[in-house]
Amino acid sequence: MVRIQEQFEQVQAVKKSINTASEEVKNQALLAMADHLLAATEEILEANALDMAAAKGKISDVMLDRLYLDVGRIEAMATGIREVVALPDPIGEVLETSQLENGLVITKKRVAMGVIGIIYESRPNVTSDAAALALKSGNAVVLRSGKDAYQTAHAIVTALKKGLETTTIHPDVIQLVEDTSRESSYAMMKAKGYLDLLIPRGGAGLINAVVENAIVPVIETGTGIVHVYVDKDADEDKALSIINNAKTSRPSVCNAMEVLLVHEDKAADFLPRLEQVLVTSRKEDGLEPIQFRLDEKASQFVSGRAAEAQDFDTEFLDYVLAVKVVSSLEEAVEHIEAHSTHHSDAIVTENAEAAVCFTDQVDSAAVYVNASTRFTDGGQFGLGCEMGISTQKLHARGPMGLKELTSYKYVVTGDGQIRE
């Protein structure tokens, strides 16, 4: 096993091959990576089968689905890399130019971070997405996969590096940490001088550990306690469609809804209709029904388990939905501000004033009106595959694409000026 310190040193030794690469060279590298990823489909699926076999019985079915790969998902990963090729290269972009009275010309210019570290859990596509975004934005990358997905991640990285071997970019600009113990995560958190930025992608435990212990700069990708509020002026059919998509299309991802708030004027009619869609119809279709966690008012209209206080602060990542009946838009906003992780929150309403109030008052990275929260995704926002969803406010917020992985510097051009 290669020690993580050696990997830090390796990536530092070769980072300039990507930090200073032209857009043409980076795009050629990405296309080669996509081609070699597809060529290694059989090896990647074999590795994924090993991970799946080891994980069965240890993680939930929805988490197993996050880990699982098939040919279609590998093709989608390759497509994601190619889509990054089509995005504008942010490096070298001139952000501002000014000239001082003394003749100095000051240019603010976008540059790469240098080396980015990613600590993530069981989603194999993060491996290729993170590598593609890092390289297109001029950065080397150190990837630390969760133990559950390590064999898959190793097969993916092996393919990506074979692609880089056909280019002028050194393959060691992509590093996969071989040590999946907790110690390697802490080593990355303390890697001052080796990592310019650290991004955690995973559950609350991982993210909190990184935020609390890292001495390198961190972008916090928050957990998703995502709310949908059905206003008294909501179109019920529209609300049913939005909630069904936001909860059931892929419940294991961070932009899936976890909490439903319903205005009391709608509850008696709407909640039984929702139960029909999310529970009865799903059972009839052989699908996993949604389990409700109901507050006292909601339990008057549909069946389910009584909600406990923590249910409104839980990212279930499963077929579970906490439901609360509120008396007003103001109460809905107050609840969201008290319990949201400020990831994505939505209102369903035909009242324009209510929509404006909601979007003004809810302080989340993405706030929706009459649309599913499942759109909080780099690809859906036109940013390509994403590095994560930032729920903080400094430097990056929401889906992180290429520009969020850059910094800037000032280039000052003179003609012999000196300071008096």
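How many helices and strands are there in the protein chain? I looked this up in the predicted model, where local features need pLDDT of at least 70, side-chain atom pairs count only at pLDDT 80 or more, and totals for chains, interfaces and linings use all residues. Residues are numbered from 1 along each chain as its sequence is written, and side-chain values use heavy atoms, with hydrogens and water left out.

I found 14 helices and 16 strands, each being a DSSP run numbered from the N terminus (H or I, at least four residues, for helices; E, at least two, for strands). The radius of gyration, taken over C-alpha atoms, is 23 Å, close to the 22 Å that the globule rule (2.2 Å times the number of residues to the power 0.38) gives for 420 residues, so the protein chain is as compact as a globular protein of that length. I noted that buried residues (under 20% relative accessible area, 1.4 Å probe, protein chains only) make up 52% of the 420.

I then turned to one helix pair. Helix α11 (residues 236–248) and helix α12 (residues 264–284) pack at about 45°, with their axes 11 Å apart; the axes are lines fitted to C-alpha atoms over the stretch in contact, and angles run from 0 to 180 degrees between N-to-C directions. Among the residues making the contact (heavy atoms within 4.5 Å), I listed L240 and I243 of α11 and F270 and L274 of α12.

Conventions: Buried means under 20% relative accessible area, exposed over 50%, partly exposed in between (1.4 Å probe, protein chains only).
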